[in-house]
Amino acid sequence: NAGNTCTHAEGSLVGSVEYSVGHLHTKLILVLGHTKCGAIAGATNLALKSDPAKSGQKSSLEKLLSGLGPVALQAKSELHPEATPEEVASHAVKVNVFHTCEKLLTYSKAIREKVASGEVALQGAIYDIVSGNVEFLGPCPRQALVLDM
């Protein structure tokens, strides 16, 4: 799905992962982002140029991108003040991978319990679409905190 979006508990992403760990006995959940993600770039541009006065009906794409806005804003806050939108979007890919990991744990008791017991590992990674390399990031830095909910 575009941008690994996991902005709410309902939907195919959470249900699909629950099915894989519950019925297929998957032992690893890998949230894989990729460099030069168009959804993240669009969300970053939207978040950085956000005009709170702008209202009206949003398209499905605008809703999707605005759901990724907090990821872009977090990425911006973690970089130097003069970071370009491209630098923010690049960092937002990593932030979003961990955000998605957190949301999977937050939204699904079944996933949370399997990860907490050690039966399932939840890891993040980023695929570089130019080199073909995958950078494995490991578990979400806040995983222990989320598991303790």
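Buried describes a residue with under 20% relative accessible area, exposed one with over 50%, and partly exposed one in between (1.4 Å probe, protein chains only). The model shown is predicted, with local features needing pLDDT of at least 70 and side-chain atom pairs counted only at pLDDT 80 or more, while totals for chains, interfaces and linings use all residues. Residues are numbered from 1 along each chain as its sequence is written, and side-chain values use heavy atoms, with hydrogens and water left out.

**View A. Cysteines Cys37 and Cys101.** Cys37 counts as buried, at 10% relative accessibility. Cys101 is buried as well, with a relative accessible area of 0%. For Cys101, the nearest cysteine sulfur belongs to Cys140 and is 6.0 Å away.

**View B. The second largest pocket.** A pocket is, on a 1 Å grid over the protein atoms alone, an open set of points where a 1.4 Å probe fits, with protein on both sides within 12 Å along at least five of seven lines; lining residues have an atom within 4 Å of a point. The second largest pocket holds about 220 Å³ of space, a volume being the space filled by probe spheres set on the grid points, which are joined across faces, edges and corners. Its lining includes Cys37, Ala89, Ser90, Val93 and Asp128. Helix 5 (residues 85-107) supplies the largest share of this lining, 3 residues; helices (H or I, at least four residues) and strands (E, at least two) are DSSP runs, numbered from the N terminus.

**View C. The largest nonpolar core.** A nonpolar core is a set of buried Ala, Val, Leu, Ile, Met, Phe, Trp, Tyr and Cys residues joined through side-chain atoms within 4.5 Å. The largest one has 31 residues, of which Ile29, Leu104, Ile111 and Leu122 touch the most other members. Helix 5 gives the most to this core, with 9 residues. Leaving out residues up to four places away in sequence, Leu122 is in contact (heavy atoms within 4.5 Å) with residues including Ile29, Cys101, Leu104 and Pro139.

**View D. The surroundings of Val120.** Val120 lies in the loop between helix 6 (109-117) and strand 2 (121-127). Val120 is buried, with a relative accessible area of 4%. Although Leu28 is 92 residues apart from Val120 along the chain, their C-alpha atoms are separated by 5.6 Å. Beyond its neighbours within four places in sequence, Val120 contacts Val21, Thr26, Lys27, Ile29, Lys114 and Val115.

Definitions and conventions. A disulfide is a pair of cysteine sulfur atoms within 2.5 Å.
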